[in-house]
Amino acid sequence: MPQKTSDTPMMQQYMAIKKEYPDAFLFYRIGDFYELFYDDAIKGAQILELTLTSRSHSAVDPIPMCGMPHHAVQNYIDILIEKGYKVAICEQMEDPRLAKGMVKREVIQLITPGTVTDSNVTEAKSNNYLTALVMTKNNEFGFAYTDLSTGELKTSCLESSEAVINEVVNLQSKEIVVDPSVSDDIQEQFKKLNIMVSHQDKIEVKSELSYLTQALTKPAEKTVVETLLTYITVTQKRSLAHLQKAVAYEPSYYLRMDHYSKYNLELTRSIRTGKKQGTLLWLLDETRTAMGGRLLKRWLDRPLIRKKEIEDRQTKVAELLDHYFERSSLQEELVKVYDLERLAGRVAFGNVNGRDLIQLKTSLRQIPKIKHVLGELDDKVFGSMLAKLDPVEDIADLIERAIVDEPPISVTEGNVIKDGYNEQLDSYRDAMTNGKKWMAELQASERKATGIKNLKVGYNKVFGYYIEITKSNLSAVPEGRYERKQTLTNAERFITPALKEKESLILEAEEKSTTLEYDLFSKIREQIKQVIDRLQKLAQQVATLDVLQSFAVVSENYHFVKPKLIKNHSIDIVGGRHPVVEKVMGRQSYVPNDVKMPEDVDILLITGPNMSGKSTYMRQLALTVVLAQMGCFVPADSATLPIFDQIFTRIGAADDLIAGQSTFMVEMQEANRAIQNATPQSLILFDEIGRGTATYDGMAIAQAIIEFVHNHVHAKTLFSTHYHELTALDKTLNKLKNVHVGAVEKDGDLVFLHKMEDGPADKSYGIHVAKLAGMPKELLSRADKILKQLEIQNKDTDQVITNEVQGDSNEEPTKKDKGTSQSGEKSEIDEQLALFKTEPVDPENAEVVAQIRNLNLMSMTPMDVMNQLYKWQKKLGNK
Ligand code: ADP
Ligand code: MG
C-alpha cells in the first residue's frame, strides 16, 4: 500500500508547526518557494489569486497546495495583512544540502496587522499602532500602545470600556492584544469595529526588556505593557532594541474629544471619502519629513490644555513666521532628512542595508545645517531646542568612512564597504584585481600564440574561467595546448591547469571578501545599535521643528493670527473662517464671521435657512479651538479664547452622512454623552438635534436639552436648529442668545449672505430652497399657498406662546421649572400641542388626543415616546 502523503516526514513537520499557529496563514519554505497547504492553500489561492494544485496528485490523499517564489513574497504578505489576516513565516533553518534527514524548519516571525513594519502597508506619514488591554480586579482598564517601526510605547489607566474604544479608534489601531481578564463582550465590540483581537495569556518579559517598564507606577499599566511586550517578543522573534521606555499618559492632560466628534469635525479623515484630502490635517500638513507628518497627526489627536505649553509652541511659530528666509532654508534642509525613527527601528531589527545607512548619513549631515539656521533665530526662543539637536557625528563619520556612496540592496553579496576601510579586505580585493588582470593578459598572449583573433577568456558560474574558440578557428589550435571542457553550437570552451589555479585564487579571494564585508557591515550595524536612543531623541526634535515650521507656513499662507488665551470663560473671534471650506472655495468667496460669547452668554441658538452656513459656522469655532490648543495660529482677524477641556459635537441624525449610524437612538446617545460629561470649561456643538424624529417630539427634546445645558452644564454651546419656535427661549434663558444667518430675497430669489447676525431668523425659507433645487413652478406656488394658509391658521396659537412667555420674562430663571407645571397650569409644551386644535378632531380619535394632552413628556425617555407613538399609530391605523 502506498504511503499516505500526510504521513510523510515533511507533512508531519508541517502539521506540528501549523498546530502552533492555527489562526495564521503558514508560509512554509521549501527551497526557493513558500508553500501553503490544506485550508490555507484553498483560502490563500482565492485571496491571492494563485493556482491551487495538490501535493502528490496520484496519492490516496492529495493535499491542496499553492505557492509563490520567495522573492515575491512581500506582496502576498501585504495583501493578507491588509485584509486583516496573520502570516507565519516558516524558514529552513539549515542548508538542505547539508541536512541529515528532514531539513529543520522554524517560524521566524508572525506578521500581524498591528506588527507589520516593512511593507507598503505602513505609510510614511502615519503610525501603525498595536494596542493592548487588560483589566484589574477593581475594574480599571490598563491600556497600552506601541508602533513597532518607531519604538514609541505609551500606556494609560482608563476608567471605562468606552474610553478604551475611544483611544483605540482614535489611534486607528488594527489589532489589540488582550489577556483573559478582558470580557468576551468587550472583545466583540472590537471585532465589530474591524479590529483584530489577539490573545496573550501569560506574561514572560525577557530580562533585557524589563527596563522598559521601570518608570511605571500603576499596576494596571505595568501589566498591560508587559502583556504587550510578551506578545511582541513571541511573535517577532527579533531584536527590540529600539523600543522606548514606556511613558504613562493621562487623557485628561489633553483636550479631549471622543472619536465621533473628531470624525464629525473631519480632523484627519474626510467623512465622505475616509481620506486625508479635505481635512484639517490636509490643510495643516506642510511638513517636510515623514516624522514631522506623523507628529503633526499626533498633535492634532491630542491638543494641549496647559497654557504654558501652548504658548511655548506659539512663540516658536511666531518667530518662524517672522523670518521667511530662515524658514525657507530650514525647509530645504529638512527635506533631505530621511525617516530617522524608522531607520533606527530597522537598525534594531537588523534589516538595514547599505542604502539605509547612506540615508542615515545624509540625514545626520543635515543636522549641522539645520543648527546653523536655528542659530540665526532668537536664542531665547530656539536656544534649548538648538542645544538638543545632536548630529551624532561619530556615526555619520563611521558611515562615511565605511560604506560606499551607492551600495547595492543586498548586504551579503559584497560591494558595500569602501576601499581603505579594512586592510584585510583591501588585500582580498587586490588578489581579485590581480587575478583578473592576469586573465586579460592571458587572452592577449594566447591570441598571439595561436593567431586566433577572437579567442576569448570568459567566466560563468558553472564552469568558472575558460578559453573560448569559435568552431571555424578550431583547426588553428595546436594539438594538446588546451583541455576541452564544454561544447556549444558554434564554439568550444577549453581550460588549462594554470587557468584553473588562478581561478581558484580569484574565487577564494572573492568568497572571503564577501564574507568579510558582511562581517564588517554587521559590526557597523551593531555600533549604530548602541546609539539608537540618541537617534530617536534627534528624530523627536527634528519632527517637532518640522511641525512648527509647518504651522508657520500654514499661518502665513492662510492668514492666520495668534490667538490670545485667557482665563475667564469668554470667546471673542473677529472675522473667523472655516479654514478648510475657505481653502476649497477660495478666499474671495468665503464670508468671515464673528463669534462673540462673553461670560454672560453660554448658548448661541443659531437659526437660518438650510444651506446658509450654520454647520460651517459651528465647525469653524471647534476647528479654531483645536488649532489654538495645538499651538498653531487660527483663521481669524483676531481671536481671544479660553482653554477648553473637552469638545463634543453631535450632528443631527438627518444630517449624519454615515450609513447605518443615522438612527435617532445614536443621536440621543451622543447628545447624552455630551450632557453627562461636559463641564463649564467644555465646548458643545449641537447641530440640528432632534431632527431625526417627528416634529413635536424633536422640538420637545431639543428644548429640554437646551434648558438642561443652560441650567446644569454651563458649557459654551452652539445649538443650530430649524425649529423656529425655539428662538423664544431667549426670553426665559438669560445666558442664551439668538443669532441667525442672513439671507435676502432678490427678485423672488433667495440669496444667502452666509453672515451671522444678532436675533432670530424671520422665517425658514424651505420653499426657496426647494426652488433653488429646481422644483416645478406649479409645485412651488402650491406650497406657497399651503404655507400662507397654515400661517393664518396658526396665528392664534403662536400668539398664546409668545404672550405667555413675555409675561414671564422678568423672572427668568424660575420660568423653566414652572413650565413643567405641577400646579395644573398649562405648560409651553401643552401650548404648542394646541396647534393640533386647528383641525377638527374626529370623535373616534378623541381618546388618543386626550392621551397626548395628558402626557408628561419631560419624564419620558425618547424610547418611551417612540413606543407610545407606535401604540397610537396602531390604534389609529386599525380603523
Ligand atoms: P447649513 O448647516 O445652514 O445647512 P452649511 O453650513 O452646511 O449650511 O453650509 C452650506 C454651504 O454654504 C457650504 O457647503 C458652503 O459652500 C457655503 N458656506 C457656508 N458658510 C459659508 C461662508 N461663511 N462663506 C461662504 N460660503 C459658505
Ligand atoms: Mg447644517
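Predicted model: local features only at pLDDT ≥ 70, side-chain atom pairs only at ≥ 80, totals over all residues.

Me: Thanks! In what order do the strands of the open sheet of four come?
Reply: The order is E14-E15-E17-E16, and the pairing is antiparallel.

Me: And which ones are the edge strands?
Reply: Those are E14 (456–460) and E16 (483–487), each of which pairs on one side only. On average, neighbouring strands in this sheet are turned by 40° against each other, ignoring direction.

Me: How many bridges are there between E15 and E17?
Reply: Four bridges link E15 (residues 464–470) with E17 (residues 491–495). As one example, Ile 467 has Phe 494 in E17 as its bridge partner.

Me: Which helix packs on the sheet and touches E14, E15 and E17?
Reply: That's helix H17, residues 497–529, whose direction makes about 135° with that of E15. There is also helix H16, residues 423–450, which lies across E14 and E15 and runs at about 140° to E14.

Me: Changing topic: what does strand E19 pair with over four bridges?
Reply: E19 (residues 571–576) pairs with E20 (residues 593–597) in the antiparallel sense. Gly 576, for instance, has Asn 593 in E20 as its bridge partner.

Me: And how many bridges join E19 to E22?
Reply: Three, and E19 and E22 (residues 638–642) run antiparallel.

Me: Which residue in E22 is the bridge partner of Asp 572?
Reply: Thr 640 is the bridge partner of Asp 572 there.

Methods
Residues numbered from 1 in each chain as written. Chains lettered and ligands numbered in written order. Heavy atoms only, no water. Pairing = 2+ DSSP bridges. Helix = DSSP H or I, 4+ residues; strand = E, 2+ residues; numbered from the N terminus. Axes fitted to C-alpha atoms, helices over the stretch in contact; angles between N-to-C directions. Contact = heavy atoms within 4.5 Å.
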